Structure formats: C-alpha cells, structure tokens
Amino acid sequence: MIHETLDEALPALPPMRAIAGLDLGDKTIGVAVSDRLLSVATPLETIRRKKFTQDAARLIEILNGREIGGVVLGLPRNMDGSEGARCQSTRAFARNFSRLWDGAITFWDERLSTVAAERALLEADTSRMRRAERIDNVAASYILQGALDRIRHIRQG
C-alpha cells in the first residue's frame, strides 16, 4: 500500500523487519537497506534499468530475500518544493510496483541526496569510475537514513 508520508506509513511497517530505500534514476535504481532495528542505512546495489517488469522482479527478489517490510522512495522535488515530471515518474513507479508487492511504500524528499552522496564519495577519495558505480546506492542510503532518523524521532516523540 502507498502512504504519502512516512508518518502515515509507520503503523503499516511490520515489527523487526528492515526497510529499503530506493533512488530511482532514468538509467539505474540505487538500493539501500536498513538493519532490523531501523537505525542504520547501508548501500546495497545499483540496478541497471531495463524494463519495468525486469526492474520490479529484481527489486522483489531483493526485498523478499532480505525480508524487507517497507520501501522508501526518494521523491525528487524541485528546490522550491514543487513536483515536476520526475516526481510524477516516481509516483507512477510506486503505483505500478504496489500492484506487485504487498509491503508499505512511502516517499522521502530526496533534494540534495545525490549531492551529499557525491560529496561523501569525494571525501573518501573514490575514483571517478568507482563514484559512477556507487553514487546511486549511496544516494539511496542517504534517502533511507533520513527516513530512519525521522522514524526514530517519531518513536521518541
């Protein structure tokens, strides 16, 4: 089921199950996963996009294999907070994916996540080629970590 906000999705997340963060690009999907305590995000892999059915099949394989309870999709809002074509594409992906997977799906504002990931990889002195390979799943981990921090805040509140 699709939830507009993380606050709405939280009750739908099964206890002691990890969640995944996705950074949807035109050519790739960055995937990151949390631990079962929902405290830390770890970059997992970058899926080279082919067709939706193939991309979805690989995602479902990852989600089922890791017993993932929910998915956080990075929502690429414009800097002024408005939604453009990329947000529409992300929402369409969520609608289509929700027909194939039963877990909770929600969105997280991903503005600047790729910038932060690029900076982190540069600071780690990662080569240009290696950065290109890792940027999407590192960006997914930034998206997911933001969501995990929000979950912690909600639960402590």
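A charge is taken to sit over a ring if NZ of Lys or CZ of Arg is within 6 Å of the ring centre and within 35 degrees of the ring normal. By this criterion, Arg91 lies over the face of Phe107, at 4.7 Å from the ring centre. The structure is a predicted model, in which local features need pLDDT of at least 70 and side-chain atom pairs count only at pLDDT 80 or more, while totals for chains, interfaces and linings use all residues. Residues are numbered from 1 along each chain as its sequence is written, and side-chain values use heavy atoms, with hydrogens and water left out.

Nonpolar cores were defined as sets of buried Ala, Val, Leu, Ile, Met, Phe, Trp, Tyr and Cys residues joined through side-chain atoms within 4.5 Å. Here, buried means under 20% relative accessible area, exposed over 50%, and partly exposed in between (1.4 Å probe, protein chains only). The largest nonpolar core has 24 residues, and those with the most contacts inside it are Leu22, Ile29, Leu59, Leu73, Phe93 and Phe97. At least two residues of this core are supplied by each of β1 (18-24), β2 (28-34), α2 (52-65), β4 (68-75), α3 (85-98) and β5 (104-109). The largest share, 5 residues, comes from α2. Helices (H or I, at least four residues) and strands (E, at least two) are DSSP runs, numbered from the N terminus. When residues up to four places away in sequence are not counted, Leu59 touches Leu22, Ile29, Val31, Ile47, Phe93 and Phe97; contact means heavy atoms within 4.5 Å. In soluble globular proteins, nonpolar side chains tend to be buried together.

The structure holds 3 aromatic pairs. Rings of Phe, Tyr and Trp (its six-membered ring) pair if their centres lie within 6.5 Å; planes under 30 degrees apart count as stacked, over 60 as edge-to-face and the rest as tilted. The rings of Phe52 and Phe93 have centres 5.4 Å apart and planes at 75 degrees, so this pair is edge-to-face. The pair links distant parts of the chain, with Phe52 in helix α2 and Phe93 in helix α3, 41 residues apart. Phe52 is partly exposed, with a relative accessible area of 26%, whereas Phe93 counts as buried at 5% relative accessibility. Phe93 also forms a stacked pair with Phe97, at 5.8 Å centre to centre and 15 degrees between the planes. Phe52, Phe93, Phe97 and Trp101 form one aromatic cluster.

Several loop residues were also examined. Met16, in the loop between α1 (6-9) and β1, has a positive phi of about 55 degrees although it is not a glycine. Glu67 is located in the loop between α2 and β4, and its phi is near 50 degrees, a positive value in a residue other than glycine. With 41% relative accessibility, Glu67 counts as partly exposed.

Ser39 is found in the loop between β2 and β3 (41-48) and is partly exposed, with a relative accessible area of 33%. Its contacts, not counting residues up to four places away in sequence, are with Gln145, Leu148 and Arg152. The C-alpha atoms of Ser39 and Arg152 are separated by 7.7 Å, although these residues are 113 residues apart along the chain.
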